[in-house]
2 protein chains.
Amino acid sequence: MSSPTFARIDELKSHAGQTVTVRGWVTHLRSSGKVAFVVLRDGSGSLQAVLVKNQVSPETWTLFSELTQESSIAVTGEVRLDDRAPGGVEMGAKELELIGRSPLDYPIQPKEHGIDFLMDNRHFWLRSPRQVAIMRIRNEIEQAIHDFFYERGFIRVDTPILTAAIGERSGLFSTEYFDEGNAYLAQTGQLYGEAAAAALGKIYTFGPTFRAEKSKTRRHLTEFWMIEPEVAFNDSAANMRLQEDFVSYLVQRCLERRRAELLEIGRALAPPEREKPPFHRLDYTDAITLIQKKGSETKWGDDLGAEDESLIVADYDRPVFVMNYPKEAKAFYMKENPADPRTVLCDDLLATEGYGEIIGGSQREDDYDKLVARIKHEGLPIEAYDWYLDLRRYGTFVHAGFGLGLERTVAWICGLQHIREAIPFARMMHRLRP
Amino acid sequence: MSSPTFARIDELKSHAGQTVTVRGWVTHLRSSGKVAFVVLRDGSGSLQAVLVKNQVSPETWTLFSELTQESSIAVTGEVRLDDRAPGGVEMGAKELELIGRSPLDYPIQPKEHGIDFLMDNRHFWLRSPRQVAIMRIRNEIEQAIHDFFYERGFIRVDTPILTAAIGERSGLFSTEYFDEGNAYLAQTGQLYGEAAAAALGKIYTFGPTFRAEKSKTRRHLTEFWMIEPEVAFNDSAANMRLQEDFVSYLVQRCLERRRAELLEIGRALAPPEREKPPFHRLDYTDAITLIQKKGSETKWGDDLGAEDESLIVADYDRPVFVMNYPKEAKAFYMKENPADPRTVLCDDLLATEGYGEIIGGSQREDDYDKLVARIKHEGLPIEAYDWYLDLRRYGTFVHAGFGLGLERTVAWICGLQHIREAIPFARMMHRLRP
C-alpha cells in the first residue's frame with residue numbers, strides 16, 4: 001500500500017477526486033444509523049467527512065461511535081467538491097484513525113461560559129472558531145505591518161526590553177540585573193528608535209512593551225505589542241500622512257484577505273471600508289470647543305479622556321487626528337510648536353466607532369537646550385538621558401515618529417468589545433496564567 | 001520658487017538629470033580650493049556632492065568650509081549618473097543648508113576604538129557603514145522569516161513574556177507582578193506555541209527571550225530574539241525538513257537581496273552559497289564516535305560542547321543535524337525515541353564555519369503518562385504544568401517544532417566574530433546601556 005497523501009483542509013480543493021488523509025480535531029458528530037458525519041478542524045479550516053455504514057469496515061463504523069469532541073483523528077477518503085459545504089469540499093470517508101482520545105469532560109462546551117472560566121482555559125478557548133478567526137486576522141495585520149514598512153525601505157530595529165533606569169517613573173516592572181542594579185521592562189522603544197533613525201534613516205520597532213498599571217479597563221493590558229516607526233527628516237505633517245497611509249493599508253489588507261474571518265466573527269464591514277485617507281484633522285483647541293459644546297467639562301490644558309474621545313469621533317466617519325496638545329499634557333520629548341509654544345507638534349489618532357486612541361505620534365524636540373529644559377522641568381534625571389541628548393549634540397535632525405498599539409488595532413478592526421480577545425494569552429492585573 | 005523635491009539616496013537613479021534635495025549626515029569632506037566634495041549618508045546609501053566654487057554662492061562656499069563630520073545637512077543639486085560612484089550617481093551641488101552642527105569631538109573617529117568604547121557609544125557606532133550593513137541584513141532576515149511562514153500558511157502567535165512560575169529553574173529574571181507573586185521573563189514561547197498549534201495547526205512565535213546566565217562568551221546574550229515554529233502532526237523527520245528549507249531560504253534571500261551589504265562587511269560568499277538542502281544528518285551516537293576519533297573526551301550521555309560542535313562540522317560543507325540525543329542531556333518535553341528509549345527525537349542544527357548551534361528542535365512528548373514521569377523525574381512542580389498537560393489529556397497529537405536563535409543566525413550569515421554586533425543594542429552580563 002502506498003503511503004498516504006496528507007493534506008490540510010484549506011488545500012483540499014486542489015485534491016478534488018483524490019484520496020487524501022486529513023488530520024485534525026473533532027468538533028461535531030451526528031449519525032442517522034446508516035450515514036454518519038464527522039466535522040473536524042485542523043486550524044486551516046473545517047471539513048465534513050461522511051461515512052456510509054455499508055461502505056466502510058465494521059471497525060471504522062465502530063470507531064466512529066466512540067469518537068468524542070476534540071478527539072484528534074486522521075480521516076482518509078475521497079475529496080468531493082460541494083458548493084454547499086464550508087470551504088467548498090466534503091470528504092467521502094473510507095478510514096478513520098484515532099490519534100488522541102478526548103474525555104467527555106472537555107471544558108469548553110457549546111454553552112455560555114463566564115469570562116474568567118474562558119480565560120483560565122485560554123489554551124482550549126483558542127480552538128473555538130471565533131478565536132481562530134481573530135488570531136488569523138491578527139496574523140494578517142502583523143504581516144501587513146511588516147510588508148508596509150519593508151516595501152517602503154524601512155529597517156526594522158529590535159530595541160531592548162531590559163533597560164537601565166530612566167528616572168523614577170511609575171508603572172515600571174523591574175528586575176535585578178546582575179551587578180548593574182535594577183533593569184526596567186521597556187514601556188517604549190522610541191528613544192532607541194530615534195538613535196537608530198539617525199543611523200538608518202527610516203526605522204520601525206515591533207515588540208512587546210510593559211505597563212505595571214493597576215488599570216482594569218477593556219482597553220488595557222500590562223503586556224502589549226507596539227509598532228513604533230521613526231523617520232529622519234519627517235516633520236509632524238509628514239508623520240500624520242504616514243500614519244493614515246499605514247492604518248488604512250492595514251484595514252484594507254484585512255478586508256481583502258481576511259473577509260471570511262471578519263464575517264465569521266460578525267464584523268460589520270461598512271465602517272472599515274470607509275477607512276481611507278485623508279483622515280480628519282482637528283486641532284486640540286478646536287476639539288476642546290467641540291466637546292464643551294457637547295457638554296464635556298474638560299478644559300483647555302487637560303488631556304482628553306475616553307469619553308471626550310467618543311464625543312469627538314461621533315461626528316466623523318473616518319479616524320480623527322487630534323493635533324497639537326498642550327505641552328503639559330504630553331511627554332517631554334515632543335517638539336514645541338513654533339506657532340504656539342504652549343503646545344507641541346503631536347497627534348493622537350482616534351479610531352472610529354468609539355475605539356479610542358490607537359496611535360500617539362509627534363515630531364521630536366531636536367533643540368538640545370529646549371529638550372534639557374523639558375527633562376529638568378519634568379524632574380527626570382538628566383544623566384540617564386545622556387546618550388539620548390547626544391542625538392541633539394551631534395548633527396541634530398528634524399524627525400518624527402509614532403506608536404501604534406497592536407492589540408487596540410486588532411480589537412478595532414475586528415470590532416471586539418474587550419482587548420483580551422485580541423492577543424493569544426492576555427496579561428492583565430489579575431491575569432498571569434496560563 | 002517651487003518647494004524642493006526631497007529624495008533618499010537609494011532613489012536618486014530615478015531622478016537623473018533633475019534637481020533634488022537630499023538630507024543626511026556628513027561622512028567625508030575634502031576640497032582642492034576650487035572644487036569641494038561632501039560625502040553624506042542618509043541610511044539608504046552614500047552620496048558624493050560636488051561643489052564648484054565659481055558655480056555656487058559665496059555663502060554656500062563658506063558654509064562648506066564650516067562643515068564637520070556628522071553635521072546634518074540638506075544639499076540641493078542636479079543628480080548625475082556616474083558609473084564610478086557608489087550607487088551609480090553623484091550630485092552637482094548648488095545649495096547647502098546646515099540643519100544640525102556637530103562639534104569636532106564626535107566620538108567615533110576613523111581610527112581603532114576599543115570594544116567597550118564602541119558599545120558605550122552604540123548609538124553612534126550604529127551609524128558606521130559596517131553596522132548599517134549588518135542592520136540591513138538583519139532586517140532582510142527578519143522579513144524573510146515572516147515571508148517564509150506567511151507563504152506557507154503559518155499563523156504568527158505572540159506568546160507572553162511575563163509568565164507564572166514553572167518551577168525553580170535557574171537563569172530566570174523575575175519581577176513582582178501585582179498581588180500574583182513573581183512573574184518570570186520567558187526563556188521560550190514553546191509551551192504556549194504547542195497550545196496554539198492545537199488551535200491553529202501551524203504557528204510560529206517571534207519575540208525576545210531572556211536568560212539570566214553569567215555567560216561571557218561571544219555567542220551569549222541575556223536578551224535575544226527567538227523564532228519558534230510548532231506544527232501539528234509533524235514528526236521529527238518533517239520537522240528537520242522544515243528546518244533545512246527555512247534556513248536555506250533565509251541564506252539564499254540574503255544572497256539575492258543583500259549581496260551589496262554582505263560584500264560591504266567583507267563576507268566570503270562561497271560558504272553561504274552552498275547552504276542548500278539537504279543538510280547532513282548525523283545520529284548523536286555516530287557524532288560521539290566521530291569526535292572521539294578526533295580526540296574529544298566527551299562520552300556518550302554528555303551534551304556536546306562548542307569544541308565538539310566544531311569538530312563535527314569541520315567534516316561538512318553544509319549545516320549538520322545532530323539527532324536523537326540522550327534523554328538526560330535534553331529538556332523534559334522531548335519525545336522518547338521508540339527505536340531507542342534512552343534517547344529522544346530531537347535535533348540540533350549546527351551551522352558551518354564553526355558558528356555552532358543555531359536551532360534546537362524536537363518532536364514533543366505527546367504521551368500523558370510519559371510526560372508526567374519526565375516532569376517528576378526533573379523535579380519540576382507538576383501543578384505548574386497543568387494547562388500544558390491538558391494538551392495531552394484532550395485529543396493529544398503528534399507535533400514538533402524548533403527554536404531558531406535570531407542573533408546567532410545573523411552572526412553566521414554575516415560572518416561576525418561576536419554576537420554583540422548582530423543586534424542593535426546588545427544586553428550582556430555587564431552591558432545594560434545605552
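Tutor: In this predicted model, chain A contains an open sheet of 3 strands in the order E7-E9-E8, with antiparallel pairing.

Student: What makes strand E7 and strand E8 of chain A edge strands?

Tutor: Strand E7 (162–163) and strand E8 (174–176) of chain A each have a single partner strand, so one side of each is left without a neighbour in the sheet.

Student: Which order do the strands of the open sheet in chain B take?

Tutor: The order in chain B is E7-E9-E8, with 3 strands and antiparallel pairing. Strand E7 (162–163) and strand E8 (174–176) of chain B stand at the edges, because each has a single partner strand.

Student: What makes E8(B) and strand E9 of chain B a pair?

Tutor: The cut-off is at least two bridges, and 3 bridges join E8(B) to strand E9 (residues 182–185) of chain B; the two therefore count as an antiparallel pair. Thr175(B) stands opposite Ala183(B) in E9(B).

Student: How is the extent of the interface between chain B and chain A described?

Tutor: Chain B and chain A bury about 8300 Å² between them, 60% of it on carbon and sulfur atoms. The contact takes 98 residues from chain B and 98 residues from chain A.

Student: Why are Arg156(B) and Glu142(A) said to form a salt bridge?

Tutor: The nitrogen of a Lys or Arg side chain must lie within 4 Å of a carboxyl oxygen of Asp or Glu. For Arg156(B) and Glu142(A) the N to O distance is 3.4 Å, so the pair qualifies. The rule finds 4 salt bridges across the interface of chain B and chain A. There are also 45 residue pairs in polar contact between these chains, with both residues at pLDDT 80 or more. On the side of chain B that touches chain A, the largest share, 11 residues, comes from helix H4 (residues 129–151) of chain B. By class, that side of chain B has 48 nonpolar, 22 polar and 28 charged residues.

Student: How do you know that Arg138(A) and Asp158(B) form a salt bridge?

Tutor: Their side chains meet at 2.6 Å, N to O, and the limit is 4 Å, so the pair counts as a salt bridge. The pair crosses between chains, from Arg138(A) in helix H4 (residues 129–151) of chain A to Asp158(B) in the loop between strand E6 (155–156) and E7 of chain B. Both Arg138(A) and Asp158(B) are buried, which means that each has under 20% relative accessible area.

Student: Why is Glu151(A) called exposed, and why is Arg152(A) called partly exposed?

Tutor: Exposed means over 50% relative accessible area. Glu151(A) has 52% and is therefore exposed. Arg152(A) has 34%, which lies between the cut-offs of 20% and 50%, so Arg152(A) is partly exposed. The side chains of Glu151(A) and Arg152(A) meet in a salt bridge at 3.5 Å, N to O.

Student: What makes the contact of Glu336(A) with Lys327(A) a salt bridge?

Tutor: The closest N and O atoms of Glu336(A) and Lys327(A) are 2.8 Å apart, and the rule asks for a separation within 4 Å, so the pair is a salt bridge. Both residues, Glu336(A) and Lys327(A), are buried. Chain A also holds a network of salt bridges linking Arg136(A), Glu140(A), Asp147(A), Arg253(A), Arg258(A) and Glu261(A). Over all chains the structure holds 72 salt bridges.

Student: Why is Leu81(B) called exposed?

Tutor: The relative accessible area of Leu81(B) is 55%, and the cut-off is over 50%, so Leu81(B) is exposed. Leu81(B) lies in strand E4 (residues 72–81) of chain B. Not counting residues up to four places away in sequence, Leu81(B) touches Lys13(B), Ala16(B), Gly88(B) and Val89(B).

Student: How many helices and strands does chain A have?

Tutor: Chain A has 13 helices and 16 strands. Of the 434 residues in chain A, 61% are buried.

How values were computed: Residues numbered from 1 in each chain as written. Chains lettered and ligands numbered in written order. Predicted model: local features only at pLDDT ≥ 70, side-chain atom pairs only at ≥ 80, totals over all residues. Heavy atoms only, no water. Helix = DSSP H or I, 4+ residues; strand = E, 2+ residues; numbered from the N terminus. Contact = heavy atoms within 4.5 Å. Buried area = accessible area lost by both parts, 1.4 Å probe. Polar contact = N/O pair within 3.5 Å; in protein donor to acceptor, adjacent residues only side chain to side chain. Nonpolar A, V, L, I, M, F, W, Y, C, P; charged D, E, K, R; others polar. Buried < 20%, exposed > 50% of the residue type's maximum accessible area, 1.4 Å probe, protein only.
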